[in-house]
Amino acid sequence: AARAGVTDVHHLTGGTVTITNVGVFGVDGGIPLLNPGEAVILCLGTVSERPWVIERKIEARSVATLTLTFDHRILDGEQAAMVHAGFG
């Protein structure tokens, strides 16, 4: 239904987590805004080859920018940062 553009509004509301992908449009990243009622929205940017330091050497790596917006009334900043960094 989403691909055909005929999704009903009630299927697009009431969620707590949303993932948005601006990378498909060639955008490196963005700051997503929470929809009313959501706890978290994760924005995925373009995957591109960039210089990256690996064991003190610069190597090409596929890298993407991830941006996490969250409701501070639900999730503490330290907790969200740890989850976003892969430590939670």
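Modeller: S2 and strand S5 (residues 66–70) pair in the antiparallel sense over five bridges. Helices (H or I, at least four residues) and strands (E, at least two) are DSSP runs, numbered from the N terminus, and two strands pair if DSSP finds at least two bridges between them. Within this pairing, Leu42 has Leu68 of S5 as its bridge partner. The model is a predicted one, where local features need pLDDT of at least 70, side-chain atom pairs count only at pLDDT 80 or more, and totals for chains, interfaces and linings use all residues. Residues are numbered from 1 along each chain as its sequence is written, and side-chain values use heavy atoms, with hydrogens and water left out.

S2 (residues 40–44) also pairs with strand S1 (residues 17–21), in the parallel sense and again over five bridges. There, Val40 in S2 stands opposite Val17. In a regular strand the side chains alternate between the two faces of the sheet.

The loop between S1 and S2 holds Phe25. Phe25 has a relative accessible area of 67%, so it counts as exposed (buried means under 20%, exposed over 50%, partly exposed in between, with a 1.4 Å probe and protein chains only).

As for the whole chain, it has one helix and five strands, in the order β-β-β-β-β-α from the N terminus on. Of its 88 residues, 17% count as buried. The C-alpha atoms fill a box of roughly 50 × 35 × 15 Å, taken along the principal axes.
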